[in-house]
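Subject: Structure handover, with notes on one helix and the aromatic rings

Dear colleague,

Please find below the structure I promised to pass on to you. My notes on what turned up in it follow directly after.

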Amino acid sequence: MAERQARAELSELDRRIINAMQGGFPLTDTPYRDVAAGLGISEDALLVRLRELLETRVLTRFGPMYQIERMGGKFVLAAMAVPEARFDAVAEQVNALPEVAHNYRREHRFNMWFVLATETPEGIDAAVARIEADTGLPVYPFPKLREYFVEMKLSA
């Protein structure tokens with residue numbers, strides 16, 4: 001697993017961009033232009049700065065969140081008990097799969113937790129089988145029983 005990143009220095013514009021992009025994203029034909037206008041910058045300037053924030057890992061992801069079941073897919077939270085000596089290598093194997101939305105370490109016997117997202121419900125079984133084959137370790141999938149909406153916004 002990657003080492004903790006050094007604290008990034010954010011400009012006032014970076015802070016305004018991050019705060020503006022955490023909700024109320026316009027559903028228009030020109031959403032970035034509309035956000036940029038609200039920030040008093042050009043669309044190109046916004047896109048360049050967003051790209052830089054992603055490349056420097058100040059932001060790790062920017063994109064919509066979907067209810068994948070409504071589109072025919074499936075989400076599953078999964079856990080693995082990974083030997084400490086292999087943790088980084090297994091994390092790299094797991095994170096290499098496009099079905100893995102995010103992955104994190106826990107202080108527990110099941111020390112690796114990640115979310116699988118697939119276009120079909122059957123895709124989960126295939127992703128689990130592939131991870132088990134790649135790592136030689138069992139994967140414990142926990143299907144979603146009920147969905148909650150928790151909105152979290154971080155002030156930059």
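Helix α5 (residues 121-135) has 15 residues and spans 22 Å from its first C-alpha to its last, close to the 21 Å expected at 1.5 Å a residue, where the expected span is 1.5 Å times one less than the number of residues. Helices (H or I, at least four residues) and strands (E, at least two) are DSSP runs, numbered from the N terminus. The model is a predicted one, in which local features need pLDDT of at least 70 and side-chain atom pairs count only at pLDDT 80 or more, while totals for chains, interfaces and linings use all residues. Residues are numbered from 1 along each chain as its sequence is written, and side-chain values use heavy atoms, with hydrogens and water left out.

Within α5, Gly123, Ile124, Ala127, Val128, Ile131 and Thr135 are buried (under 20% relative accessible area, with exposed meaning over 50% and partly exposed in between, for a 1.4 Å probe and protein chains only). Seen down the axis of α5, these buried residues fall within an arc of 140 degrees, so they line one face of the helix; the arc is that of the directions from the helix axis to the C-beta atoms. The cover over the buried residues of α5 includes β1 (74-80), α4 (87-95), β3 and β4, contact being heavy atoms within 4.5 Å. On the other side of α5, Glu122, Asp125 and Ala133 are exposed, and just after the helix glycine 136 takes a positive phi of about 75 degrees.

Turning to the rings, a search of the whole structure finds five aromatic pairs (Phe, Tyr and Trp rings, the last by its six-membered ring, with centres within 6.5 Å; planes under 30 degrees apart are stacked, over 60 edge-to-face and the rest tilted). Phenylalanine 25 and tyrosine 32 have ring centres 5.4 Å apart and planes at 70 degrees, so this pair is edge-to-face. Phenylalanine 110 and tyrosine 140 also form an edge-to-face pair, at 5.0 Å centre to centre and 65 degrees between the planes. That pair links distant parts of the chain, 30 residues apart, with phenylalanine 110 in the loop between β2 (100-105) and β3 (112-118) and tyrosine 140 in strand β4 (residues 140-143). Phenylalanine 110 is buried at 14% relative accessibility, whereas tyrosine 140 is partly exposed at 35%.

The charged end of arginine 109 sits over the ring of phenylalanine 110, 4.3 Å from its centre (CZ of Arg or NZ of Lys within 6 Å of the ring centre and within 35 degrees of the ring normal).
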